Amino acid sequence: VLLARSWFRERSALLLSSLFGFAALALNNCLLVVDLALFPTTNLILLRNGSALVGVAVLLGGLIWETT
């Protein structure tokens, strides 16, 4: 929420990429809870790893974009 409010005020590309990257990592944590606590018989490892990869890639891409 804080990143979104800051992005609406500043309109910085780094804030936007951080917002999406941390949202993907938060989704990863939610999928971990769903996978291990709510549905222990199902395997959501591909979704969890995919969301973590997207989150880190977006954060890294935002950092690279900002420095160039």
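This passage describes the fold, the surface and selected contacts of a predicted model. Local features required pLDDT of at least 70 and side-chain atom pairs pLDDT 80 or more, whereas totals for chains, interfaces and linings use all residues. Residues are numbered from 1 along each chain as its sequence is written, and side-chain values use heavy atoms, without hydrogens and water.

The protein has three helices and zero strands, assigned as DSSP runs numbered from the N terminus (helices: H or I, at least four residues; strands: E, at least two). Its radius of gyration, taken over C-alpha atoms, is 14 Å, well over the 11 Å that the globule rule (2.2 Å times the number of residues to the power 0.38) gives for 68 residues, so the protein is more spread out than a compact globule. The C-alpha atoms fill a box of roughly 45 × 25 × 10 Å along the principal axes.

Buried residues (under 20% relative accessible area, 1.4 Å probe, protein chains only) make up 21% of the 68 residues.

Val-58 lies in helix α3, residues 45-67. Val-58 touches Ser-17, Phe-20 and Gly-21, leaving aside residues up to four places away in sequence; contact means heavy atoms within 4.5 Å. Leu-31 is 27 residues from Val-58 in sequence, and their C-alpha atoms are 19 Å apart.

The charged end of Arg-11 sits over the ring of Trp-7, 4.4 Å from the ring centre. This assignment requires NZ of Lys or CZ of Arg within 6 Å of the centre and within 35 degrees of the ring normal.

Methods:
Buried < 20%, exposed > 50% of the residue type's maximum accessible area, 1.4 Å probe, protein only.
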